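This briefing sets out selected features of the structure shown below, grouped by topic for reference.

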Amino acid sequence: MTVAFVFLTAMTLISALGVVLSRNVVHSALLMSASFLGVAGFFVMLNAPALAAFQVLIYVGAVTVVILFGIMFTQRPQVRRFRTIIQKQHWPGLFSAIGVGTFLAYILIIQDWGYTKPGNGLQEPGSLGEILLGVNGAPPIFGLLFEVISVLLLVAVIAAIVVSRRKTGEGVDRQEVDG
Amino acid sequence: MLQQFLDTLNATIPLEGYLVVGAIMFAIGAWGALIRRNAVVVFMCIELMLNAVNLSLVAFADYLPNAGGAGAGYAVLVIAVAAAEIAVGLAVVLAVYRTRKTVNVDDINLMKG
């Protein structure tokens, strides 16, 4: 357990640092998927294999591909100096991030969580479905949340189409830029 | 000596271990969202923060005896919200890029008075 924990921690945190500090945007996206894979490994350690599968499918698969498409559409050759990728307020950003991290870690460590023992999680995917639908003793609020999330996803898909749709005569075509 | 080392290797990780990893990951994501100029990288850092929260939720679901695994259900909801957010966010970035020819968040000052 310790070996797996240390390995996954190093993988997740080093990849996350790489996302922030990498000068190449594509490297940032690939390191982000490595970080998500580390979190999927944590989910397996925490007895949530169904969630780990969701994590690999949705984050490592879908979100990374969508972000790579976004990079492909929006990036142009750029200067690869370190000063050009970070804002002018990077010192306040660093200090507030360190402050948030230290505060959260301190609060989480001094908090008395009572009797904790691993192994209470959902072992089988079926019970995850029962929780999501709020049946069979699960909190009934999950049924409402499930419906709200469904509507939210539909709205998000329609909104993405509407926002990114190109109206005729708006913007510049690629051929006009090249020619 | 060897037995002690093996016991250390096989010891169960306390709950605080996962929570601190989640807190550090959240802080790294917040740092990147604050300092990076590229809007797409800012989205990646927001995804990192959401993943850190997911890690904490699943750790609670596994370690707290009375949670009943509800944290895993919340984690699924967070994943769905993150997917919706990345779809709409990248559409906004594409629309801004089409009109302004940049994704630098310092240059996008449409609402500056």
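Predicted model: local features only at pLDDT ≥ 70, side-chain atom pairs only at ≥ 80, totals over all residues.

How are helix 1 of chain A and helix 2 of chain A oriented to each other: roughly parallel or roughly antiparallel? Their axes cross at roughly 155°, and angles over 145 degrees count as roughly antiparallel; helix 1 of chain A and helix 2 of chain A are therefore roughly antiparallel to each other.

**Chain A overall**
- Chain A has 7 helices and 0 strands, and its pattern along the sequence reads α-α-α-α-α-α-α.
- Of its 179 residues, 26% count as buried.
- When contacts in chain A between residues at least 6 apart in sequence are considered, 43% of them join residues at least 24 apart.

**Helix 1 and helix 2 of chain A**
- The two axes come within 8 Å, and helix 1 of chain A passes helix 2 of chain A in a left-handed crossing.
- From helix 1 of chain A, the residues that meet helix 2 include Ala4(A), Phe5(A), Leu8(A), Met11(A) and Val19(A).
- On the side of helix 2 of chain A, the residues in this contact include Leu31(A), Met32(A), Gly38(A), Val39(A), Phe42(A) and Met45(A).
- By class, the contact of these two helices has 12 nonpolar, 7 polar and no charged residues.

**Contact between chain A and chain B**
- The contact draws on 74 residues from chain A and 72 residues from chain B.
- On the side of chain A that touches chain B, two or more residues each come from helix 1 (2-21), helix 2 (25-45), helix 3 (49-74), helix 4 (90-110), helix 5 (125-133) and helix 6 (141-164) of chain A.
- Helix 4 of chain A gives the most to that side, with 12 residues.
- The residues of the side of chain A that touches chain B divide into 53 nonpolar, 19 polar and 2 charged.

**Residues with positive phi**
- Most residues other than glycine have a negative phi.
- Asn47(A) is not a glycine, yet has a positive phi of about 60°; Asn47(A) lies in the loop between helix 2 and helix 3 of chain A.
- Asn47(A) has 20 other C-beta atoms within 10 Å and is therefore buried, the cut-off for a buried residue being 20 or more.
- Lys101(B), which is not a glycine, also has a positive phi of about 60° and is found in the segment after helix 4 (70-100) of chain B.
- With 13 other C-beta atoms within 10 Å, Lys101(B) is partly exposed.

Conventions
Residues numbered from 1 in each chain as written. Chains lettered and ligands numbered in written order. Contact = placed C-beta atoms within 7 Å. Helix = DSSP H or I, 4+ residues; strand = E, 2+ residues; numbered from the N terminus. Nonpolar A, V, L, I, M, F, W, Y, C, P; charged D, E, K, R; others polar. Axes fitted to C-alpha atoms, helices over the stretch in contact; angles between N-to-C directions. Parallel < 35°, antiparallel > 145°, perpendicular 65-115°, else oblique. Left-handed = near helix turned anticlockwise from the far one by under 90°. Buried ≥ 20, exposed ≤ 12 C-beta atoms within 10 Å, placed from the backbone.
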